[in-house]
Amino acid sequence: MKRLLLILALACAFPWAMHAIDQQFYTSFATRILIYAMAAASLNLVLGYGGMVSFGHAAFFGAGAYVVGILAVEGVSSLWIAWPAAIAAAALAALVIGAISLRTRGVYFIMITLAFAQMMYYVFVSLKAYGGDDGLSLPARSTGLGVSLANDFVWYYMVLVLLMIILFLLHRLLRSRFGRVIEAIRENETRATAVGYPVYRYKLLCFVISGAIAGLAGALIANQTSYVGPALLHWVQSGTLMIMVILGGVGRFWGGPVGAVVLLALEELFSGSPLLGPYSLHWQLPVGVILLAVVLFAPQGISGAFAKKPQ
Amino acid sequence: MLFEQSLNGLQFGLMLFLLAAGLTLVFGIMDMINLAHGSLYMIGAYLMASFVQATGSFWVALPLALVATALVGAALEVALLRKLYERDHLTQVLATFAVILIANEVVRLIWGNQSLMLNPPAGLTGPVQLPGGVQYASYRLAIIAVGVFVALLLYFLVTKTRVGMLVRAGASNREMAVAMGVNIPRLFTIVFALGAALCALAGAMLGPILAVQVGMGENILILAFVVIVIGGIGSIRGAFVGALLVGLVDTMGRALLPIAFAEMFSPQVASNLGPSLSSILIYVLMAAVLFLRPQGLFPARG
């Protein structure tokens with residue numbers, strides 16, 4: 001708890017510190033990290049706690065982003081309409097994709113979620129009316145709270161508050177009966193079925209909740225960059241979210257957020273680093289080497305390596 | 001046009017088969033998700049471009065590129081992937097994703113950011129007259145010939161030789177194969193090197209048609225996964241059928257769907273709907289196959 005309050009205090013102080021040293025760019029960068037932390041946490045719910053390896057999570061992330069983008073272009077900029085719509089659309093997509101995919105298991109589940117995500121990717125690539133391949137620029141950030149979200153400072157706190165709410169809800173969810181059942185299913189599906197739980201419905205609900213949260217994260221990323229493009233749904237995006245979760249720690253509460261912070265910070269560090277000189281263009285090389293090192297030497301992920309007790 | 005498009009589909013499908021054959025064996029025998037398979041395809045194409053420049057001849061460079069890529073693949077297997085077989089699929093995804101990042105950057109460091117041009121070999125640059133009066137690019141015809149030849153070779157290798165027998169034994173029941181005294185580590189390295197050589201062949205043959213560039217592996221990798229999932233993981237025959245199916249469905253869909261829609265709907269709807277539907281067609285195919293036959297068309301594990 002002490003550690004949590006310390007992190008929260010640091011997160012609240014961060015924009016002021018950046019303002020003080022005149023590096024506001026990093027406030028915007030930190031906002032991006034918070035948004036990806038939310039997306040990664042949503043993936044960790046299905047992947048880590050539910051044991052469902054979804055390789056298509058970018059579909060829900062991108063669907064949420066596109067709903068906000070399309071509504072904004074059509075003139076609906078109120079966040080009270082656009083964001084719930086984004087969450088609902090992502091949840092609906094998760095319901096349809098999950099209902100079909102959850103009939104398969106193992107490697108086949110990985111591949112079928114990937115296939116559905118690729119379908120959505122190509123749908124948006126060929127959606128000429130809304131930018132197609134080039135994507136879509138939003139006229140402005142969402143409105144509706146009486147404060148200007150266009151201000152990066154305000155925007156940071158908005159995202160921070162939402163992330164805290166989502167993490168709190170996830171925490172409650174995982175400590176509830178639902179969370180216990182989901183983990184029981186991951187550990188032994190046959191046994192959970194034998195005890196009498198409707199396993200399929202539990203898994204589907206878990207998948208839909210996760211998709212809805214990813215949709216909210218997508219709505220935020222669309223506002224963050226004022227741009228949505230098909231790249232948000234590409235399989236590499238799904239892969240990146242998965243890397244964040246694995247890097248941070250699969251099935252550990254802070255796994256998603258920790259992975260998002262570490263991966264994006266590494267990217268930023270190596271892509272802008274004066275240390276590497278002209279080689280900073282090749283930032284993926286050191287990032288790749290570090291990922292390999294984590295795989296070989298810290299199989300439990302980063303939060304696993306620092307945990308007091310093994311899970 | 002229909003005939004020409006089916007030849008294009010056949011050509012694309014055969015090249016997909018070269019990629020999928022290696023992937024399905026690695027997946028089936030070693031139970032290993034190898035995202036870096038696309039990187040080997042990219043490395044093969046780049047090595048091919050370099051060897052063509054150095055030797056001046058397409059047909060001299062081809063075997064050199066195959067052997068070099070096979071060595072790269074074997075080195076990768078011995079140095080890294082061997083440590084991952086016992087780990088879960090998630091770890092394998094993370095590790096091989098890291099390999100993709102590293103391979104992309106190493107290729108950029110060596111060959112630069114520009115995409116390379118690879119010319120078809122002399123004598124195969126023009127079109128040929130096929131029976132029935134159809135003009136068809138001779139190089140694409142050569143690709144089809146190479147693809148069919150390699151497919152037959154693989155069929156012979158897998159069904160008639162001792163190595164092939166061990167591969168099949170490993171794919172259908174790995175524990176049993178180990179218990180019967182098969183030297184699995186050596187078999188894995190051989191299979192991996194063979195898969196890498198097939199990647200290089202696909203990369204080298206497709207190089208003159210597509211551009212040789214960083215990131216070329218990522219897009220085709222997913223198609224190769226679609227192929228092996230449709231065909232049944234671990235089955236070479238499944239990979240062959242799946243690859244031809246995906247190649248034909250994708251090519252024919254792109255050619256025919258827009259025309260069909262133009263007949264049925266207004267031009268505006270057709271121009272929006274046609275391309276989007278034809279590019280998701282193979283994923284619909286895969287989802288349908290998985291839904292109806294979750295083990296794929298030709299399951300390797302009986």
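In chain B of this predicted model, strand β1 (residues 127-130) runs antiparallel to strand β2 (residues 134-137), and four bridges join the two. Strands, as runs of E with at least two residues, and helices, as runs of H or I with at least four residues, are taken from DSSP and numbered from the N terminus, and two strands count as paired if DSSP finds at least two bridges between them. Residues are numbered from 1 along each chain as its sequence is written, while chains are lettered from A and ligands numbered from 1 in the order in which they are written. Local features need pLDDT of at least 70 and side-chain atom pairs count only at pLDDT 80 or more, whereas totals for chains, interfaces and linings use all residues.

**The hairpin and a helix of chain B**
- V128(B) has Y136(B), in β2(B), as its bridge partner.
- Three residues lie between β1(B) and β2(B), which form a hairpin, and G132(B) in the turn has a positive phi of about 100 degrees.
- Helix α9 (residues 216-231) of chain B has 16 residues that should span 22 Å at 1.5 Å a residue, and the 23 Å between its end C-alpha atoms agrees with this; the expected span is 1.5 Å times one less than the number of residues.
- Because 14 of its 16 residues are buried, α9(B) is largely enclosed by the rest of the structure; buried means that 20 or more other C-beta atoms lie within 10 Å of a residue's own, exposed that 12 or fewer do, and partly exposed that the count is in between, with C-beta atoms placed from the backbone.
- G232(B), which follows α9(B), has a positive phi, near 105 degrees.

**Chain A as a whole**
- Chain A has 13 helices and two strands.
- The radius of gyration of chain A is 19 Å, close to the 19 Å that the globule rule gives for 311 residues, so chain A is as compact as a globular protein of that length; this radius is taken over C-alpha atoms, and the rule is 2.2 Å times the number of residues to the power 0.38.
- Of the 311 residues of chain A, 49% count as buried.

**Local features of chain A**
- Helix α11 (residues 255-271) of chain A has 17 residues and reaches 24 Å from its first C-alpha to its last, close to the 24 Å expected at 1.5 Å a residue.
- The buried residues of α11(A) include G255(A), P257(A), L263(A) and F270(A).
- S226(A), in the loop between α9 (199-225) and β2 (227-228) of chain A, has a positive phi near 55 degrees although it is a residue other than glycine.
- M164(A), in helix α6 (residues 152-175) of chain A, is 126 residues from M38(A) in sequence, and their C-alpha atoms are 9.1 Å apart in space.

**Where the chains meet**
- In all, 37 residues of chain A are in contact with 33 residues of chain B, contact meaning that C-beta atoms, placed from the backbone, lie within 7 Å.
- On the side of chain A that touches chain B, α5(A) gives the most, with eleven residues.

**Confidence**
- The mean pLDDT of chain B is 86, with 98% of its residues at 70 or more; pLDDT is the predictor's confidence in each residue, from 0 to 100.
- The predictor gives the complex an ipTM of 0.79 and a pTM of 0.85.

How values were computed
Two residues are in contact if their C-beta atoms, placed from the backbone, lie within 7 Å.
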